[in-house]
Amino acid sequence: ATVREIRAGDAALAARPAAPVRQVPGVTTAGTLELLSRAIRDGVPVWLGYVDAQGSGSQRVVQPVSLAGGFLQGWDERRQENRTFAVHRITSVALADEEAPAAGNG
């Protein structure tokens, strides 16, 4: 049932590629990876919802640079430094020129 729901969500995302991607922490979707890859390819910053190892959530604007081995590397606008983000800790992502994901989703 869980796999069926994930696949249905991925199919819905494919039908609406401009919509922000929201997900359950620890579950990386194809939509998340596709949107991050597109942002890297097009040089577009993203709104990123993220949960750290202590369970604290935050939202930030990140200029993605690379995506490999389960990690996103990019420039964190809030901290003004290059950062590495574990993809499985990403809770939401949207292109920065779109509306930011709603509070509480990351």
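For my notes, buried means under 20% relative accessible area, exposed means over 50%, and partly exposed is in between, with a 1.4 Å probe and protein chains only. This is a predicted model, so I keep local features to pLDDT of at least 70 and side-chain atom pairs to pLDDT 80 or more, while totals for chains, interfaces and linings use all residues. I number residues from 1 along each chain as its sequence is written, and side-chain values use heavy atoms, with hydrogens and water left out.

**Layout.** I looked up the secondary structure and got two helices and six strands, taken as DSSP runs numbered from the N terminus (helices H or I, at least four residues; strands E, at least two). Along the sequence I read α-β-α-β-β-β-β-β. Of the 106 residues, 30% count as buried.

**Core.** I then went for the largest nonpolar core and found 13 residues in it. Such a core is a set of buried Ala, Val, Leu, Ile, Met, Phe, Trp, Tyr and Cys residues joined through side-chain atoms within 4.5 Å. Leu 36, Val 46, Leu 48, Leu 72, Phe 85, Ile 90 and Val 93 have the most contacts inside it. Helix 2 (30-42), strand 2 (46-51), strand 5 (81-86) and strand 6 (90-95) each give it two or more residues.

**Asp 76.** Is Asp 76 buried or exposed? Asp 76 counts as buried because its relative accessibility is 0%. Leaving out residues up to four places away in sequence, I find that Asp 76 touches Arg 60, Val 61, Val 62, Glu 81, Arg 83 and Phe 85, where contact means heavy atoms within 4.5 Å. Its side chain also reaches the backbone nitrogen of Arg 79 at 3.4 Å.

**Salt bridges.** I searched the whole structure and found four, each a side-chain nitrogen of Lys or Arg within 4 Å of a carboxyl oxygen of Asp or Glu. Arg 60 and Asp 76 pair at 2.5 Å, N to O. Arg 60 lies in strand 3 (residues 57-68) and Asp 76 in strand 4, so this pair ties together parts that are 16 residues apart in sequence. Arg 60 is buried too, at 5% relative accessibility.

Arg 83 bridges to Glu 81, with the closest N and O atoms 3.9 Å apart. Through shared partners, salt bridges join Arg 60, Asp 76, Glu 81 and Arg 83 into one network. I noted Arg 83 as partly exposed at 21% and Glu 81 as partly exposed at 34%.

Another bridge links Asp 42 and Arg 41 at 3.5 Å. Arg 41 is exposed at 60%, whereas Asp 42 is partly exposed at 46%.

Methods. A polar contact is a pair of N or O atoms within 3.5 Å; within protein, one must be able to donate a hydrogen and the other to accept it, and residues adjacent in sequence count only if both atoms are side-chain atoms.
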